[in-house]
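Here is a briefing on one helix pair and a set of salt bridges. Look over the sequence and structure first.

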Amino acid sequence: ESTLGAAAAQSGRYFGTAIASGKLGDSQYTSIAGREFDMVTAENEMKIDATEPNRGQFNFSQGDRVYNWAVQNGKRVRGHTLAWHNQQPGWMQALSGGSLRQAMIDHINGVMNHYKGKIYAWDVVNEAYADGNSGGRRDSNLQRTGNDWIEVAFRTARAADPAAKLCYNDYNIDNWSWAKTQGVYNMVRDFKARGVPIDCVGLQSHFNSNSPYNSNYRTTIQSFAALGVDVQITELDIQGGSATTYANVVNDCLAVPRCTGISVWGVRDSDSWLGANASALLFDGNGNKKAAYTAVLNALNGG
Ligand code: G3I
């Protein structure tokens, strides 16, 4: 196959990208994205600050632009993200305790109801674990509402849209030997044991010199999958753009049946949150395919 999406589909997987609504008027951007990818994540437009700028007043204008572009171009959509310490609107940052807990629940219901039946998978909770060696939760206003905030978010989400897969999504949980990975693994194991609804784990997979790709990545994917959840590679980018590393990531996903898809976090290097100089994506700033693109396509095509 000659596009990433079609090549991934040969094994029943998807290949997606983050899309920014502000770039939908850029014809080079939309022509590459329209051709190559079959899953879309809104880079910022479905986050808390975008969708509920004032408490109880939802705004889906930008989220719907991304959603409609995706569907009109035959793509499915991952929802990103419902409960997160970052990109909270000011009113939410000012809340705590029971009122913040209720606001989180109301937010999940409001956004998931709007997109009910339309989303392949939601990143219900994003980045709730601490960096470093503790293996424990990140301190945040949400965490301070009580340790059960994550399971409450997942139970709320299941009731709001039973058709959506519900994911926990985080970065630096790709290296099996890291405490953060083990912390999330233990949470997912506990959720499965207690019947807390969770369907998938998102490995963001932002690789750089401080958190490089490690050959135990396949072990991480296999280990999560063995708990009975799907694994999705949700925000892949590799600083420096190594074609070999990109191919390794794809081959590790292909090796695990429950690794159901891969999304890169942007289209061209110039679209990356890391800046064009990071050279982290599959297309250069002129829209040309990079060596990393060819490596990914070849891996998806089985060779
Ligand atoms: O849109 C405003 C613009 O009006 C304003 O003038 C400008 C000045 O700062 O900011 C613009 O908003 C920026 C927004 O991106 C859109 O470009 C925000 O400042 C900036 O913080 C925001 O960054 C996003 C970041 O999440 C915020 O946490 C990145 O685009 C987005 O790629 C990044 O994505 C995250 C995932 O959601 C979660 N995992 C990590 C990943 C990378 O950080």
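Buried means under 20% relative accessible area, exposed over 50%, and partly exposed in between (1.4 Å probe, protein chains only). The model is predicted: local features need pLDDT of at least 70, side-chain atom pairs count only at pLDDT 80 or more, and totals for chains, interfaces and linings use all residues. Residues are numbered from 1 along each chain as its sequence is written, and side-chain values use heavy atoms, without hydrogens and water.

**Salt bridges**

- The whole structure holds 17 salt bridges (a side-chain nitrogen of Lys or Arg within 4 Å of a carboxyl oxygen of Asp or Glu).
- Asp-26 pairs with Arg-268, with the closest N and O atoms 2.9 Å apart.
- This pair ties together parts that are 242 residues apart in sequence, because Asp-26 lies in the loop between strand 1 and helix 2 and Arg-268 in the loop between strand 9 and helix 11.
- Asp-26 is partly exposed at 27%, while Arg-268 is buried at 5%.
- Lys-180 and Asp-131 form a salt bridge at 2.8 Å, N to O.
- Lys-180 is buried at 3%; Asp-131 is partly exposed at 41%.

**Helix 8 and helix 9**

- Helix 8 (residues 179-194) and helix 9 (residues 217-226) pack at about 15 degrees, with axes 10 Å apart (axes are lines fitted to C-alpha atoms over the stretch in contact; angles run from 0 to 180 degrees between N-to-C directions).
- Helices here are DSSP runs of H or I, at least four residues; strands are E runs of at least two, and both are numbered from the N terminus.
- The two helices are therefore roughly parallel (angles under 35 degrees).

Note on methods
Parallel < 35°, antiparallel > 145°, perpendicular 65-115°, else oblique.
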